[in-house]
Amino acid sequence: MANNPHTKPNSGGPNDRDFRTTGDSKSENLETYRSDAEGHDLRTNQGSRISDNHNSLKGGERGPTLMEDFVFREKLNHFDNERIPERIVHARGAAAHGYFQPYDNAAQYSKAGLFQDPAKKTPVFVRFSTVQGARGSNDTVRDVRGFATKFYTDEGNWDLVGNNLPVFFIQDAIKFPDFVHSVKPEPHNEIPQGQSAHDTFWDFVSLMPESTHMVLWTMSDRAFPRHFRNMEGFGVHSFRLIDKQGKARFVKFHWKPVAGTCSLIWDEAQKLWGRDPDFNRRAMWDDIEKGDYLEYELGIQVVEEEDEHMFDFDILDPTKIIPEEQVPVTLIGKMVLNRNPDNFFAETEQVAFNPANVVPGIDFSNDPLLQGRLFSYLDTQMLRLGGPNFHEIPINQPVCPFHNNQRDSMHRQTINKGQASYEPNSIDGGWPSETPPASEDGGFESYQERIDASKIRARSESFGDHYSQATLFWNSQSEAEKEHIIDAYTFELSKVGRPWIRERVIKEILPNIDLELARRVGERHGIEAPSSKPAPAEELGKSSLQESPALSLMARLPKNIRSRKVAILMADGVDADAVETARNKLEAEGAEGVLIAPSMAPVKAANGQSITPDAMLNGQPSVTLDAVIVPGGELSVRSLAHFGQGLYYVQEAYRHLKVIAAVGEGKSLLSAANVPIQEDGIVLGNSIDDIFTTFSEALGKHRVWSRNAKAAEMPA
Ligand code: HDD
């Protein structure tokens, strides 16, 4: 129990202020609670040794089970109560531990302890999630991804509870229950799971023009990231950082993935629902186990208080970004996720994030969505985690000591000593006592923003522009991304039963983003879109920027092939040298070659060598990997080509814009599958050495975008 903060010898006294943690301090703290059964007897929760865990106590071998059987009753009773309510949103998630380390420029913006010393590592726990689906839903659905980070700082927990998209659907938190009710599975039949493609969602968003910008982002490929390591993260709201002199600045927080940004293809994402519903969480888990960690840089956009009103939008409006071209992102630190949780329930499920958890040096803004969130998280966690003591659950505890006069309630773990549970007191020496604010190690003090206003239920006029940043986003997409967005609206609306909702989207919303977008989606629904923008001028707004290159996923494509997974297809008769060389060369660049055969039986190579496959064609289909290599070996290629799944493998990879390389006879598998061979992204040669550089460069661009239009012709 040595590391429990409640039992530290000096806790509660002035020495607490000298408490300093390390990048591993959360792990040390959790060690107190880890339990390892190795070498231990099976016992009841009361400690009684169990002699028979297979048979309940009965009145005779064939008789009734007896009430007296406390071993049986305790076991069933606990099992019957294993589940807790899932999160009302973001129910499905996966998490990892790691650390954050600031750069030497961070301290100038905030007095928060975690930013002061570039040598200092602060432990973090990050949970990635989808919003709409239930805890058991699929990973690769079209949805926003939660990106919630708990920093266990020396001064308490700071939670940056963000998403992978920088804006939100609504401007005022009072609309959150309406929004969530509309997007969740419909109440009469609980359909559909993990999707926004249904009537109530499109009904709501088409009646709420402020949602247009965010809906457009969710119709982009960002809504199904290839890997958590390949998505950006955003704090969304404007927050404040307070420096040592007490000066406040507005900031927007960004996570920039070191591995670059890239996404799945919609058809691929949908197929993954069935092929590997755990695609994203599995990839994160496996990569961390392998030592291939996830890395992000923390960035801030800084706006001086006096510049608050210099933009053509309101920085308190959460449906707006601050374009990076207007205020560049300054990188102030790096986060590495390098340890999987020991227990999903204890850590990932029980972790409780709350944007209201801040430390001195970080403060809020008046964004009305953020203000509502400051209430909502603690409230929902009372229900989900069973009362007000969930801060004592190991994963939620700060790593610094924490003492106050809060007492009792359900499941209280702390044994508070002393008689005085009030402050001030003279019985327990006046402890615990307040800490005055200071430039270092001070108590939390809210930024003293001057407020002089009437109480009013209203929306500021400065929040009135609902479309110009949506147009900005649209203008900033590459041609392939635009086509995917058109496909996405077309698909989603095809699932909407009520014709008037489809019409409303096509005639009243989309034209305000872009007339061509509306026309193209309209065409595919047999609905004529208007030829001019229908919204009033104040809603249309006016963005001073026409284009923001940073808004395209292509702006931050991965620069190399690290962490990529490549299928190496083989059957009996394969060229063993080609298999081995391909695998070694991939590994040398930080990628992984996965050996895939028709079955799990070892493959007999042309040279007689026996090669054990990693997976089967239908066990690890092309949608689960980034590219395909077909080595030579006449017999191998002929048998793959003879096999429907072999043909389908390369057809599907082609359809999903993946790089395909074929060595020697490997080419004939592509021909047999009707995959065009004279094209960008199809790499042919006589040996792996011949093709590897071209292959690696093409894979480094993630997809073969030039194939976008043609790929749809492939029947896979
Ligand atoms: Fe929220 C969970 C992110 C608006 C109310 N939210 C939740 C999680 C993330 C976000 C990442 C999951 C945390 C976890 O992994 O446990 N939410 C956001 C962002 C928002 C946002 C980036 C807008 C910028 N949320 C928002 C509003 C409200 C909520 C306006 C209510 C007023 N969010 C909740 C919640 C959840 C939640 C219902 C569900 C489970 C939980 O809090 O602990 O309270």
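Mentor: A residue is called buried if 20 or more other C-beta atoms lie within 10 Å of its own, and exposed if 12 or fewer do. Please keep in mind throughout that this is a predicted model.

Trainee: Okay, so is asparagine 163 buried or exposed, and why?

Mentor: Asparagine 163 is buried, because 23 other C-beta atoms lie within 10 Å, and the label asks for 20 or more. Asparagine 163 belongs to strand E4, which covers residues 156–163.

Trainee: What does asparagine 163 touch?

Mentor: Once neighbours within four places in sequence are left aside, its contacts are Val144, Arg145, Gly146, Phe147, Phe234 and Val236.

Trainee: Which residues does UniProt list for the active site?

Mentor: The unreviewed UniProt entry lists His90 and Asn163 under "active site". They are spread over 74 residues of sequence, yet they cluster in space, with a largest C-alpha distance of 10.4 Å.

Trainee: Where is histidine 90, then?

Mentor: Histidine 90 sits in the loop between helix H2 (70–80) and strand E1 (93–102). Histidine 90 also counts as buried, because it has 23 C-beta neighbours inside 10 Å.

Trainee: And which residues does histidine 90 touch?

Mentor: Not counting residues up to four places away in sequence, histidine 90 touches Ser129, Val131 and Gly146. Gly146 is also among the contacts of asparagine 163.

Trainee: Switching topic, how many residues has the largest nonpolar core?

Mentor: That core has 158 residues, and those with the most contacts inside it are Leu510, Ile568, Val628, Val650 and Ile660. Taking valine 650 as an example, and again not counting residues up to four places away in sequence, we find that it touches Val628, Ile660, Leu669, Leu670, Ala673 and Val675.

Trainee: What about domains, which ones does the assignment give?

Mentor: The domain assignment gives domain 1 (93–207 + 219–371), domain 2 (468–555) and domain 3 (560–711). The C-alpha centres of domain 1 and domain 3 are 35 Å apart, and 13 residues of domain 1 are in contact with nine residues of domain 3.

Trainee: Which elements give two or more residues to the domain 1 side?

Mentor: On the side of domain 1 that touches domain 3, those elements are helix H6 (266–275) and helix H7 (279–290), and H6 supplies the largest share, with five residues. By class, that side of domain 1 has five nonpolar, no polar and eight charged residues.

How values were computed
Residues numbered from 1 in each chain as written. Predicted model: local features only at pLDDT ≥ 70, side-chain atom pairs only at ≥ 80, totals over all residues. UniProt positions renumbered as here; feature names shortened; annotations may be inferred. Helix = DSSP H or I, 4+ residues; strand = E, 2+ residues; numbered from the N terminus. Contact = placed C-beta atoms within 7 Å. Core = buried A, V, L, I, M, F, W, Y, C linked by C-beta atoms within 7 Å. Domains from an automatic or database assignment. Nonpolar A, V, L, I, M, F, W, Y, C, P; charged D, E, K, R; others polar.
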